[in-house]
Amino acid sequence: MVYRLIIVLFFFSVGALAQDNFIKHKISQGDNLSVIAKKYGVKVKDIADANPNAPKILKLNSTLLIPNKNKTTAKTKTKNVEVAVNNTSSNTSGTHEVASKETLWGISKKYNVSVDELKKANPSIETEGLKIGQQINIPSNNAVANIISPSETPVNLEVVSTDVELFREVKAKETKYGISKEYGITVAELERQNPSIKGKVPVGYLLKILVPKEKADAIQAAKTLQETNIQTNDSSSQIAEATPEIKRDSTFVRTGNYSVLIDQLIASATENIGTRYRSGGTTKAGFDCSGLMFCTFGNFDIKLPRSSIEQSRIGTKVASEEAQKGDLIFFRTNGRRHINHVGMVVENVDGEIKFVHSSTHGGVMISSTKEPYYTRAFSQVNRVLN
């Protein structure tokens, strides 16, 4: 009887731990396997292995099992069964203690919730901002709450791809590398989608490019905005508006309401946190400060100048207390007389500006103007998007 009880306890423990090996993901608009894999920090192959019976074409509102990188571990002893659950975060109880240099954006990414959901769960954040040591509530609809047993068989696992097919005509002096960067894909992916361009791409060739719907919307919005601006400039009867301007392809383009685009810019920049500093770098192999801004905005078809001093000359200067997400913030570091460092504002609460940048001593990271070094070095804030 005792041996039977030990065996039952063993299989119960292992079964309970197996539930933590997977996370349930519900397919939503814009999802594809690459996007889902990136979201959870796993490989596409890992998702495919976890869902062997899933068809290749996905369907909206169906579910996938995602391997949980932060799965629990079990320990067994010879005389009795001991189960040790190593939770990856002590904050799954619904609260989180704010640490130094943390931002709402970073916390929302950690718990897979939106910034708006965090604000709704913690109304005081709107007026008082975040404080070190503060306990904030985490909405329950985070990824940890969706951990299920692999024995739950997902239904309707057909997924309809939401990638959008765009057509792009090759112009003189353009390269496959430049075109792939414009659409946020690799050269290999561009060649895979267009098998006949293994060699040099002929001028006038019509490329077919599949991109996520969000990227396609951003590209279309930028083109529409540029066309609208050209029409506006051609009309001499209109009164000039006091709206910010940025320089793109030697043309000044007026900006519109880009709150969604600004969030995407911040997400794109902060995804590089941890990447090392590299002088002259504009890739994930390493960024310098202006290279990070040049690459981030370039991913959304917004061409910035290459150096920080040139970037400080575009857009409209605003007071530091009026700084908003997406603004560029500039510094004169190491006692320099001219601007030599740039970052992008991710948050401005109670006069403290937090910004993402590539630092020579720490690579891509988020820093604060409350830090003495950046307080002394602060120069100006420019708004390039409104």
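Tutor: Start with a definition. Buried means under 20% relative accessible area, exposed means over 50%, and partly exposed lies in between (1.4 Å probe, protein chains only). Now the ground rules. This is a predicted model, in which local features need pLDDT of at least 70, side-chain atom pairs count only at pLDDT 80 or more, and totals for chains, interfaces and linings use all residues. Residues are numbered from 1 along each chain as its sequence is written, and side-chain values use heavy atoms, with hydrogens and water left out.

Student: Why is threonine 275 called buried?

Tutor: Its relative accessible area is 13%. The limit for buried is under 20%. So threonine 275 counts as buried.

Student: Where is threonine 275 found, and what does it touch?

Tutor: Threonine 275 sits in the loop between α10 (259-270) and β9 (282-283). Helices (H or I, at least four residues) and strands (E, at least two) are DSSP runs, numbered from the N terminus. A contact means heavy atoms within 4.5 Å. Not counting residues up to four places away in sequence, threonine 275 touches Lys284, Gly286, Phe287, Gly363 and Val364.

Student: How far is the backbone oxygen of asparagine 272 from a polar atom of the side chain of threonine 275?

Tutor: The distance is 2.8 Å. A polar contact is a pair of N or O atoms within 3.5 Å; within protein, one must be able to donate a hydrogen and the other to accept it, and residues adjacent in sequence count only if both atoms are side-chain atoms.

Student: What makes aspartate 46 partly exposed?

Tutor: Aspartate 46 has 30% relative accessibility, so it counts as partly exposed. This residue lies in helix α3 (residues 44-50). Compare asparagine 32: at 13% relative accessibility, it counts as buried. Asparagine 32 lies in the loop between β1 (22-26) and α2 (33-40). Leaving aside neighbours within four places in sequence, asparagine 32 is in contact with Leu58 and Asp163.

Student: What makes the rings of phenylalanine 331 and phenylalanine 378 an edge-to-face pair?

Tutor: A pair of aromatic rings is described by the distance of the centres and the angle of the planes. Rings of Phe, Tyr and Trp (its six-membered ring) pair if their centres lie within 6.5 Å; planes under 30 degrees apart count as stacked, over 60 as edge-to-face and the rest as tilted. A search of the whole structure finds 5 aromatic pairs. In this one, the centres of phenylalanine 331 and phenylalanine 378 are 6.2 Å apart and the planes are at 75°, so the pair is edge-to-face. Phenylalanine 331 lies in strand β12 (residues 328-331) and phenylalanine 378 in strand β16 (residues 378-383), so the pair ties together parts 47 residues apart in sequence.

Student: Why is the pair of phenylalanine 355 and tyrosine 374 called edge-to-face?

Tutor: Their ring centres are 5.3 Å apart and their planes are at 85°, so the pair is edge-to-face. The pair links distant parts of the chain, with phenylalanine 355 in strand β14 (residues 352-359) and tyrosine 374 in helix α13 (residues 372-377), 19 residues apart. Phenylalanine 355 is buried at 0% relative accessibility, and tyrosine 374 is buried at 4%. Phe331, Phe355, Tyr373, Tyr374 and Phe378 form one aromatic cluster.

Student: Which residues of helix α4 are buried, and how do you know that they are on the same side?

Tutor: In α4 (residues 104-111), the buried ones are Leu104, Trp105, Ile107, Ser108 and Tyr111. They cover an arc of only 165° around the axis, so they are on the same side of α4. The arc is that of the directions from the helix axis to the C-beta atoms. Their cover includes α10 and β13 (341-349).

Student: What is the confidence of the model?

Tutor: pLDDT is the predictor's confidence in each residue, from 0 to 100. The chain's mean pLDDT is 76, and 73% of its residues reach 70 or more. Over residues 72-93, pLDDT stays under 50.
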